[in-house]
Amino acid sequence: MTQKNITAPDDNGTGVVWHKGKALRKGYTTGSCATAAAKVAALMVLRQEVIQQVSIVTPSGVTLNLNVEDPLICGQSATAAIRKDGGDDIDATHGMLIFARVAVNDSGIITLDGGEGVGRVTKAGVGLPIGDAAINKTPRQTIEAAVREVIGPNRGADITIFAPEGEERAKKTYNGRLGILGGISVIGTSGIVTPMSEESWKRSLSIELEMKRTQGMTRVFLVPGNHGERFVSEQLGLDGTYVVTMSNFVGYMLQEATRLKFEQVVILGHFGKLVKIAAGIFHTHSHIADARMETLIANLALIGAPLSLLQEVDGCTTTEAAIELINAQGWQAVYPRIAEKICDRINQMLRFSDEPPHCDAILFSFDNQVLGTNRPLSAITEGFR
């Protein structure tokens, strides 16, 4: 495999990816930081000298040359830190120090655990045993392999990964929803962070869905964000644990729900976001597509709304403004029609699945009023009570 060098972050040599005509700098994961910190700590124990820079090869074959911070040697133990650099993909862990403490011994066995600021797994479904430190499979392998390369086949080592800022930083992540408490996760499958990549975000949402299924849930609400989650608990009076955020990734999360064999999926959210699905738009971010008014106008026309209303709606800049016009003129029948269209579109997308989930839709307004459903609300929520 051809190796590509990535220099220390202050050299701005991490490589770039182009997005919308702009060059964005790549970075490296918390897993790469932990691996590099563990490797240099082990080297310092064996050499009994402070080391200021270390290189590792990531799982994707990229060589990272990273600056070492806070190096410290205490006999057969050493500690070192690497500062996380997400490039231009700024996330909750960007700029924080990831530490490794390595104590070398004669056991021949390498142990790995998390310390301060590294989360602990408290719920099944995230791919790690309950009670373990939230250090994912690939980083575990790279950390242990890097240390083994340094200490040789006969020595042993106890490795502890810690991040003093981790508990506070983790409040800005999905860890709490996933049952990972007390700190960040040490993650990364390639070792490299690509700016504007949606894959890691989508995967974190999918993990929450997997966790619910592992816990025995067969029904779930998919919501765009916090507003939908509050609506389920405050307006519907249902247990919030049934809720999973899908963000803009409607199609992806429906495919994941199908893969995991959920029996019922309820798409719930503000009308302005979900109306796009009725037009077959399964990624609802405005930079992908925005056919809100066109979809609304088409469905109003199909139920016989007058041209004057269609023209007024066409002049609206927000769906809330359109809702006011529709309600004032008595054409609320468009809302359940659109909810039905949403379900029709979903069923069409999932038509080749052997066991597609039953899909429902609940649309609400900014004042938390149910606008429309594809079938009676009581029938949709019955299985959640």
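Modeller: Ala36 touches Val54, Ile56, Leu66 and Ile82, leaving aside residues up to four places away in sequence; contact here means heavy atoms within 4.5 Å. This is a predicted model, in which local features need pLDDT of at least 70 and side-chain atom pairs count only at pLDDT 80 or more, while totals for chains, interfaces and linings use all residues. Residues are numbered from 1 along each chain as its sequence is written, and side-chain values use heavy atoms, with hydrogens and water left out.

Ala36 belongs to helix 1 (residues 30-47). Helices (H or I, at least four residues) and strands (E, at least two) are DSSP runs, numbered from the N terminus. Ala36 counts as buried, at 1% relative accessibility; buried means under 20% relative accessible area, exposed over 50%, and partly exposed in between (1.4 Å probe, protein chains only).

Asp85 lies in the loop between strand 8 (77-83) and strand 9 (97-105). Asp85 is buried as well, with a relative accessible area of 5%. A polar atom of its side chain lies 2.9 Å from the backbone nitrogen of Gly87.

Two strands pair if DSSP finds at least two bridges between them. Strand 15 (residues 219-223) pairs with strand 17 (residues 264-270) in the parallel sense over 4 bridges, and Val220 stands opposite Val265 in strand 17. Axes are lines fitted to C-alpha atoms, for helices over the stretch in contact, and angles run from 0 to 180 degrees between N-to-C directions.

Helix 6 also packs with helix 4 (residues 199-214), at an angle of about 35° and with their axes 10 Å apart. Lys202, Arg203, Leu205, Ser206, Leu209 and Glu210 in helix 4 meet Tyr252, Met253, Glu256, Ala257 and Arg259 in helix 6.

Most residues other than glycine have a negative phi. Ser247, in the loop between strand 16 and helix 6, has a positive phi of about 55° although it is not a glycine. Ser247 is buried, at a relative accessible area of 9%. Asn368, in the loop between strand 18 and strand 19, likewise has a positive phi, of about 65°, without being a glycine. Asn368 is partly exposed, with a relative accessible area of 24%.

Notes:
A polar contact is a pair of N or O atoms within 3.5 Å; within protein, one must be able to donate a hydrogen and the other to accept it, and residues adjacent in sequence count only if both atoms are side-chain atoms.
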